[in-house]
Protein chains: 2
Amino acid sequence: MLVMSMKEKRELIHHLRTLLPKHVRIQIKHYQKGDNVTTYLAKRNQICIVLTGVVDLVRYDRNGNKTIVERYRENDLFGEAFHPVVTNNELFVVAKEKSEILQLVYDDLHLKEDKSDMILCHHLFQLATLKAIDQNIRIELLTKTTIREKLLFYFSYLAINNYGKEFTIPFSFTDLSDYFNVDRSALMRELKHLTDEGFIERKGKNITLLY
Amino acid sequence: MLVMSMKEKRELIHHLRTLLPKHVRIQIKHYQKGDNVTTYLAKRNQICIVLTGVVDLVRYDRNGNKTIVERYRENDLFGEAFHPVVTNNELFVVAKEKSEILQLVYDDLHLKEDKSDMILCHHLFQLATLKAIDQNIRIELLTKTTIREKLLFYFSYLAINNYGKEFTIPFSFTDLSDYFNVDRSALMRELKHLTDEGFIERKGKNITLLY
DNA sequence: ACTTGTCTGTTGCAATTGCAACACTTTTAT
DNA sequence: ATAAAAGTGTTGCAATTGCAACAGACAAGT
């Protein structure tokens, strides 16, 4: 199956680790909160998998606006390979908390025609698919025209993932506004409107949908 | 190499077609301009590759606003698998021009341990990576805060791909505004401002960067 | 050639959002 | 324990954008 649960994803990573071909050089590195995991500069063709923790891919524009381009959690795939130098960007990968990252060099897995190579490749394809799914959700979120629509879309996404109309937002509001790419105060204002108009109930980051 | 040129990508697809394992069921379908390629409903785990032509993944929201979620060109990968049903979306894939689409069922390529299977898997991973790259560019574009920044980012992207400060926009302005997810008239207005302020010269869709 | 439809270009006005600034609470580090 | 830092919540105001509406250019089809 291409679409898989968290559990299946975890098993996939475990399988991948146990079956890593010997000719594929890997490193497992540990990072503390705030550490720069790796800068998007030279080292091309490096693929990283988050084993534990959370890391953010962030960008600062000329005006100092911060955007969380993507947030990677346990078992997510990322790497320079996915961010070709198309413009003069400043991208940073920063550990949001204590994290453990598996790094491997893509070029190593070139068609050695052994079974474990094949499994690795297959797993990487699945991970890349899952990544694409996350990216599509983000794109869908960003293409909502108003903050209200962004919030409602995001809430219904969380509701489906938590199987219910009550859930806790897994971001701080500051980070959420970076992820939505909107002003934080404007986001808070819209949350207030949604509460006042009876669409949601809110206690801190706990939301209950009333519709 | 993970990052590859158009030519390399074309060769990859060619290779993939000649080496398709026999147990993988494929179909090559032809579509005319305006045809609905496939609706994002039931058929999961189908992977599509554009052989010729252009197809758009579009969404209409409640207010009738159209958004081009993604545009797929020759050798691009798409499919229901990348769009899990997370919300009540209405996604359509529409042929923008006469197109030829290769469709294969993902479940067929499950670990048959033969060489061509491995190559197919490897190629699919590469395609998925290229897809992720495109998605990242789109995300970067969408996270620009103003229409001006979106235009300048997009222009510099085109300039790099065309190796020069002169290029032709490969969208109609109507489609470009759908892709940027902004109002068309607002986009035209901003183009005018950029021209008036001497950032660009424009004749129809031909742009020259003056900075 | 003519009609139909789509695309381009422009403008006034209203609505949403970003910005700046502030007070207050919570978390983190020493 | 206490200081410093980060996050939350709120508001007025300005700026950007969306919307509506229109006219002319261009393209496609009969």
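Is Phe180(B) buried or exposed? Phe180(B) is buried, at a relative accessible area of 1%. Here buried means under 20%, exposed over 50% and partly exposed in between, using a 1.4 Å probe and protein chains only.

## About the model

This is a predicted model, where local features need pLDDT of at least 70, side-chain atom pairs count only at pLDDT 80 or more, and totals for chains, interfaces and linings use all residues. Residues are numbered from 1 along each chain as its sequence is written, chains are lettered from A and ligands numbered from 1 in the order written, and side-chain values use heavy atoms, leaving out hydrogens and water.

## Aromatic pairs

Rings of Phe, Tyr and Trp (its six-membered ring) pair if their centres lie within 6.5 Å; planes under 30 degrees apart are stacked, over 60 edge-to-face, and the rest tilted. That gives 14 aromatic pairs over all chains. Take Tyr154(B) and Phe180(B): their planes sit at 85° with the centres 5.5 Å apart, so this pair is edge-to-face. Tyr154(B) is in helix H3 and Phe180(B) in helix H4 of chain B, 26 residues apart (helices are DSSP runs of H or I, at least four residues, and strands are E runs of at least two, numbered from the N terminus). Tyr154(B) is buried too, at 6% relative accessibility.

Phe199(B) and Tyr211(B) are also edge-to-face, 6.4 Å centre to centre and 75° between planes. Phe199(B) is partly exposed at 29%, and Tyr211(B) is partly exposed at 43%.

## Charges over rings

A charge sits over a ring if NZ of Lys or CZ of Arg is within 6 Å of the ring centre and within 35 degrees of the ring normal. Lys131(B) does this with Phe82(B), 4.6 Å from the ring centre.
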